[in-house]
Amino acid sequence: MNAAVLAVLAAQVVVALALTPLLIGVMRQVRTRLEGRAGPGVWQPWRDTVKLLAKEPLRAAGSSWVLWLAPAALVVSSVMVVALIPLIATPALPLLPADLFVVVSVLLVGTVALALLGLESGTAFGGMGSSRHMMIAALVEPTVLIAVYALSIPAATSSLGTIIASRLTDVTAVMTPAGLLAIVALFVVVLAECGRLPVDNPATHLELTMVHEAMILESGGRDLAWLELGSWLRLTALLGLVVNLAAPWGIATEPTPAGLAVGVAAFSVKLLAAGAGIAAAEVFLAKLRLFRVPELLAGSFVLAFLAVTASYLVA
Amino acid sequence: MSGPGALLAVLALAGVAIAVPWLTPDRLRSPLSGGASALLGLGGVAAGVAAMGGAGGVLTLPLVVPATAGLDPVTLAPTPLGGVFLVVAGGVGALAAFFGIGYAHGPAASRTAWSAYAAFLLGMLLVPAAADVLSFLLAWELMAVASTVLVLADHAVRPTVRSATLWYAVMTHLSFLLLLAGFAVLAAGAGGTAFERIAAAQASGPAASVAFVLLVLGFGTKAGLVPLHVWLPRAHPEAPSHVSAAMSAAMVKMGVYGILLTLGLLAPGPQWWGFGLLVLGCASALYGVLQAAVNSDLKRLLAYSTSENVGLIVTALGVGVLLGDAGQRRVAEVAIVAALLLVVSHAAFKTALFLGAGSILHVTGERDLDRLGGLVHTHPFTAISFGLGAMGATALPITSGFVAEWVLLQALVHGDGRADRLIAVTLPLAMGVVALTVGLGLLTFVKAWAIAFLARPRSERAANPDHAQGSHDHSITMIAGLVVSGALVVALGFAAGPLSVELARAAGVGGVERVGLLGVAFPAVGVLLEPAALTLLALAIAVPFAAYNAVLRVRRPRRDTELPWGCGGVRTSPRMEYTATSYAEPLVRIFGASLDPTRQLTVEHPEGNPLLVSRVTFSQRLVDVIEQRAYLPVKRAVLRLGDAARLVQNGSIHRYLAFSFVALLLVLAVVSL
């Protein structure tokens, strides 16, 4: 049993690593096509990553070990999250359940690594990005926890695998008002956490509006490759969690080869479809002014809170 | 050790530690006094461990007590729960004293200061050992007075110390008065002062509620709960750093111990008790972390963070009481374990943080973050130790803070709100508050650590540390204090299972088990956390990553460059870097209504050209809103009253004689009635 679950964890990591650049490629390609441009094709993020990995990184005078440790911490924490979150199968190791709070804490390691890197460079841009990034992270936190709290009430556990498995067996749970509210709230915070529109524009460069790009501006070569890959993996993990909570169908509940194959296929389709949907929506969205972002996040917090009280008082 | 042996040893060590500073020559004073105080702390740890094992012993002190007054003898008999706080106070006290050997200089290394430190430590050790009201209050007062002396240490150098000490003295005695009143209500009801007798009386009804409110407010003042926190952000920055560490990491915990003691002495009360604790805790957590996030004074920031953490502890207690009343005993037990884990964890990481702040202050003479930077190169030990403390404060894995907050969140998520609407609404809100606190705490400590240690120095003093006025190099004791406190933060996180089980046993609650190598499990709610498994997973990912990265490094080594991108411009001045103030600027805007910042922005233009800018000046002042709106009006009213009293005192001896005569007449009139 445990060996099979270990294989599941490894499979999740491999699938996520393989799928992530493709996800970003699909999202960019959908967007460019909708905007009437040809686009570089869906494999461009792959090519970029391989190219950057082969290039030398630079070290500015006065920089410290944070320069190389931050990208490493980001990648390792992102890969850990990908392994922990049930993406293609719900079983977990007995001593290593996919506990929501553990997952969030590991994600925060990556958040902090990025923020430290932003301040490490000692430029105004880095500090600005870091400050905004942490502000958004701080305001996102309550919604994430409360939204999953709402979803956890029917299953009476904070283990993500059990929550998803219970939603799979009980189809009506997916369509309850509380469940829908929580999913919407969670979706908004995933957009914020992963730096998508309307919170941050992933395509922006050298503007006063950028958040994520500002922090990694001083990195190059393989440092940059790891930073990009780590951030993309976070999108895969969080978006994967949301699609699995919203539409759990296809995820394997037993670690059998056939189940895993179905799980991988279902997960790939769901993830890429969700990514394409986000990219299509982004064409029609403008970035919010930074000081309007708290309003958006407060709105999602209210949704999540309503979801919890609804599942207590209505059900 | 068993029996009163450990307690006697503590008293003997305290006598030595108080006397040593007066008997040693100047040159050896700090090493010997600090060493004696550190030994006293270790003695406290030993007594605490014995007490946690149920062998605390009983020691009746031969103090003269008027037999008629219904007072029980003055007795020390630490309970297992008291043992936890003995260990915390002793451990923190020992570490801070050891750090102080190298750190203390000037007035902080005087005979009075070292002697007061030992007395302060003794007070902190006697509070959780006390078994009756009288010894408790005596120990409490010893702790209060000795710490006041310590806060006052630098009064000749910085005038702000005096006002800070006044605030502290007033608040700490307000706390004492409230406690006196609260215990008086209980003792009157029970007919004696021994805690055993009071607990056996099982006070209930209005009298119990009055005692509860008085005691919680009294202990809350010491614990730094909002709105009684005003002394913390004043006293902590002004005290010598090792004293700040002991005050923040150990002394405020005595307030928490007091609240736990109160709950133990009283029969379960009405629902609003738990609800009140929860509200008090949540308010402190949010207000504390918000103020910490926007403050740029490192030690003031840490002081507000203490308020925040005590807020989280009291939130956990409130959840425990609320759920316990609602009949959800198993989840309530998780909350109580969470509270104790938070106590231990805060003690560990706040020691590391305050010692680190002291170390920064020591080498740069600065505690304003806006003027620091780049210290990671010159002071790696401080950087790592402060960094580990900051990780603990932000509950990042795997530190003590991570385990503690994980348990707290499990208690919140497993409380069942179906039966009770109040719980259905308060638990999610409490969870939101805890989550926002964690998030803002992250911002706070990323700011504190990265601004102080990374990038380029923002001032001359930070650029040339160790050459600051009146300071000298790090001594071995300082480095040892830093390293041990930083290592403790991580070690306590890894020892999640054994630590939780011991704490649960001391608090007399069940439902906690060890699992795996180091893990902790709460079978009643079906959750577990195994730090070793999590570490293995991290290693399984990090090792291949590091190997691959090493290959890449061999192929394409990192190249040094003077100017990487710099956004197209030559990096001119460190003044272009983000500072702590600018880092928190978005927060100040978002929470402007509750922070009430005063800002001034002046833009000057060159003569005759309104479109060009020659100079921009910006200043921002943040004040404690609660202090401004609640305390200063009271202060002004008292001053007005004092002025009014001057009307009858004009210096005329005739008038005073007339007053005496009228008073005599009044007394005679009253007596003759």
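B:Pro227 sits in the chain B loop between helix H8 (206-223) and helix H9 (232-238). A cis peptide bond joins B:Val226 to B:Pro227, with omega at about 5°. Helices (H or I, at least four residues) and strands (E, at least two) are DSSP runs, numbered from the N terminus.

This is a predicted model: local features need pLDDT of at least 70, side-chain atom pairs count only at pLDDT 80 or more, and totals for chains, interfaces and linings use all residues. Residues are numbered from 1 along each chain as its sequence is written, chains are lettered from A and ligands numbered from 1 in the order written, and side-chain values use heavy atoms, without hydrogens and water.

- A cis peptide bond joins B:Pro397 and B:Ile398, with omega at about -10°.
- B:Ile398 lies in the chain B loop between helix H15 (380-393) and helix H16 (400-414).
- B:Ala395 is found in the loop between H15 and H16 of chain B. B:Ala395 is not a glycine, yet has a positive phi of about 60°.
- B:Ala395 is buried, at 6% relative accessibility. Buried means under 20% relative accessible area, exposed over 50%, partly exposed in between (1.4 Å probe, protein chains only).

- B:Asp596 has a positive phi of about 50° and is not a glycine.
- B:Asp596 lies in the chain B loop between helix H24 (592-595) and E7, and is partly exposed at 36%.

**Nonpolar surface patch**
- B:Leu601, B:Val603, B:Val613, B:Val616 and B:Phe618 form a nonpolar surface patch with about 460 Å² of accessible area together.
- Strand E7 (598-604) and strand E8 (615-621) of chain B each give two or more residues to the patch.
- B:Val613 is in the loop between E7 and E8 of chain B, partly exposed at 48% relative accessibility.
- Patch residues have over 30% relative accessible area and no salt bridge; like charges are joined within 9 Å, nonpolar side chains (Val, Leu, Ile, Met, Phe, Trp, Tyr) within 5 Å.
- Accessible areas come from the Shrake-Rupley method with a 1.4 Å probe; for residues, only the protein chains shown count as cover.

**Salt bridges**
- The structure holds 27 salt bridges over all chains; each is a side-chain nitrogen of Lys or Arg within 4 Å of a carboxyl oxygen of Asp or Glu.
- B:Glu333 pairs with B:Arg329 in a salt bridge, closest N and O atoms 2.9 Å apart. Both lie in helix H13 (residues 329-364) of chain B, four residues apart.
- B:Glu333 is buried at 12%, whereas B:Arg329 is exposed at 52%.
- A network of salt bridges links B:Asp154, B:Arg158, B:Glu238, B:Asp297 and B:Arg367.
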